[in-house]
Amino acid sequence: MKVLITGGAGFIGSHVVRLFVNKYPEYEIFNLDALTYAGNLENLRDIEGASNYKFLKADINDVLEIDALFEKYQFDKVIHLAAESHVDRSISDPLAFVRTNVIGTMNLLNAAKGLWKDNFKEKLFYHISTDEVYGTLGETGLFTESTSYAPNSPYSASKASSDHFVRAYGETYDLPYIISNCSNNYGPNQFPEKLIPLFINNIIDKKPLPVYGNGDYTRDWLYVIDHAIAIDKVFHQGRNKETYNIGGINEWKNIDLVKLLCKIMDAKLNRAEGSSAELINFIQDRLGHDKRYAIDASKIGKQLGWKPTVTFQEGLETTIDWYLDNEEWLKNVTSGKYKDYYLNQYSSK
Ligand code: NAD
Ligand code: DAU
C-alpha cells in the first residue's frame with residue numbers, strides 16, 4: 001500500500017509518519033511537505049533512512065506538481081495534515097489560510113479523484129481536522145460528531161471549509177473519506193508559537209509569559225502520540241464517510257495550566273518554587289477568542305477501542321524534558337524569522 005502523508009515534517013505529522021514507518025514496514029510511506037516555517041526535517045532524522053520512507057518536497061497549492069506526484073507515485077491512500085495551523089497567524093493573514101487549508105485541500109481532493117476515478121475500492125482520503133470547527137462552548141457541554149459547525153477564527157473557518165469540501169466529494173463523487181476532529185495537542189517537536197512550547201521556551205529564557213485576557217479560557221489537551229495512535233486506528237478501522245472526534249478528556253483553564261507548567265519547570269531547572277510564575281504577564285486578549293473546547297470522544301472509544309494512554313502530568317514531564325534535552329532544535333527554530341514573528345505578535349500588547 002502506498003500511503004501519502006501530507007504535512008509530515010510538522011508537529012503532529014512527524015509523529016504520524018514515525019508511527020507508520022516503524023509499524024508498517026510493508027507500506028510505502030510518502031511524506032509530502034513544503035517545509036514552511038512549521039516544517040522541519042530534523043523531526044524525522046531517526047527514520048529518514050528507512051527503506052519504506054520517502055520525502056517529497058512539494059507545496060499543496062501547486063496544482064500541477066500535486067497532479068504530477070499522484071500520477072508518478074500512484075498513492076492508494078492519503079492522510080492529509082498539511083495546513084497553516086496557528087490561530088494568531090490566521091488573524092493577521094487570513095488569506096494564507098484559505099490558500100493552503102482550502103485550495104490546497106481541494107488540489108489534493110482533485111488529484112485523488114482524478115487518479116482513483118475508475119476504482120475507489122481500497123482507496124481513502126483521510127482528512128485531519130480540528131475541534132475548532134465547532135466554535136466555542138459555554139461552561140458545560142461537549143462537542144460531539146453532530147455538533148453544528150460554527151467556526152470563529154479565520155483558521156477554524158478555513159478548516160471547516162476544507163471539511164465541507166471533503167464531505168462534498170464523498171457525497172458528490174463517492175470519494176471514500178474519513179474526517180477526524182481533534183482537540184489541542186501537545187508534546188515534543190511542537191513549534192514554539194503554540195501555548196505550551198512557547199511558554200516552556202520563555203521560562204527557560206526567563207522571558208515574560210504572555211497570557212491572553214485573564215487566562216480564563218479552557219482547552220482539552222491530548223498528548224500528540226495518543227493522537228497519532230488514534231489516527232492509526234481511524235485509518236485502519238474507521239468507517240467510510242464518517243467523522244470521529246478525538247480528545248484528551250483533560251480540560252484545563254489556561255492560567256491553571258501555565259501555573260502547573262511553571263511549577264514543574266522550577267523543579268526541573270532547580271529554581272526557587274514560584275519564580276517562573278512571576279513571569280506571568282496578562283496581555284490584550286486574542287480577537288474572537290474561543291472560551292472553551294471539550295470533546296466527547298465516546299464514539300471512537302466505543303467503535304475503535306481508543307482512549308488516551310498518557311496522563312497530563314506524564315505528558316507534560318516528557319514534553320518539558322524533550323525541550324530541555326533538545327536545546328539545539330529550539331535554538332534553530334527560534335532564530336531568524338521567529339524573532340520578527342514574536343515582535344509583531346507580542347510587542348504592542
Ligand atoms: P504544524 O503547523 O506543526 O505543521 C504543518 C505542516 O504542514 C508543516 O510541516 C508545514 O511545512 C506543512 N505545510 C504547510 N503548508 C503547506 C503547503 N502549502 N504544502 C505542503 N505542506 C505544507 O501543524 P500541526 O499542529 O502538526 O497540525 C497538523 C494538522 O492537524 C493540521 O491540519 C491541523 O489543522 C490539525 N490539528 C492540529 C491540532 C493541534 O493541536 N496542533 C489539533 C487538531 C488538528
Ligand atoms: O483545538 C485544536 C487547535 O488547538 C488546533 O486546531 C490548532 O492548530 C492549535 O493551534 C490549537 O489552537 P489554540 O488556539 O487552542 O492553541 P494555542 O496554543 O494557540 O492557544 C491555546 C490557548 O492559550 C488559547 O486559549 C490561547 C492561549 N494563549 C496562546 C498563546 C500562543 C495565550 O494565552 N497566550 C499565547 O501566547
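Modeller: Gladly. A polar contact is a pair of N or O atoms within 3.5 Å; within protein, one must be able to donate a hydrogen and the other to accept it, and residues adjacent in sequence count only if both atoms are side-chain atoms. This is a predicted model, in which local features need pLDDT of at least 70 and side-chain atom pairs pLDDT 80 or more, while totals for chains, interfaces and linings use all residues. Residues are numbered from 1 along each chain as its sequence is written, chains are lettered from A and ligands numbered from 1 in the order written, and side-chain values use heavy atoms, leaving out hydrogens and water.

Colleague: What makes the pair between aspartate 59 and ligand 1 a polar contact?

Modeller: A polar side-chain atom of aspartate 59 is 2.8 Å from a nitrogen atom of ligand 1. The limit is 3.5 Å, so the pair counts. Asparagine 61 also has a polar side-chain atom there, 3.5 Å from a nitrogen atom of ligand 1.

Colleague: How much of ligand 1 does the protein cover?

Modeller: The protein covers 96% of the 840 Å² of accessible area that ligand 1 has on its own (Shrake-Rupley method, 1.4 Å probe; for residues, only the protein chains shown count as cover).

Colleague: Which residues around ligand 2 are closest?

Modeller: Asp131, Glu132, Tyr155, Arg286 and Tyr346 are the closest of 26 residues surrounding ligand 2 (a heavy atom within 4 Å). The side chain of aspartate 131 places an N or O atom 2.5 Å from an oxygen atom of ligand 2.

Colleague: Why does the radius of gyration agree with a compact globule?

Modeller: The rule is 2.2 Å times the number of residues to the power 0.38, with the radius taken over C-alpha atoms. For 349 residues a compact globule would be near 20 Å, and the protein has 20 Å, so the two agree.

Colleague: What share of the residues count as buried?

Modeller: Of the 349 residues, 55% count as buried, meaning under 20% relative accessible area (1.4 Å probe, protein chains only).

Notes. Buried < 20%, exposed > 50% of the residue type's maximum accessible area, 1.4 Å probe, protein only.
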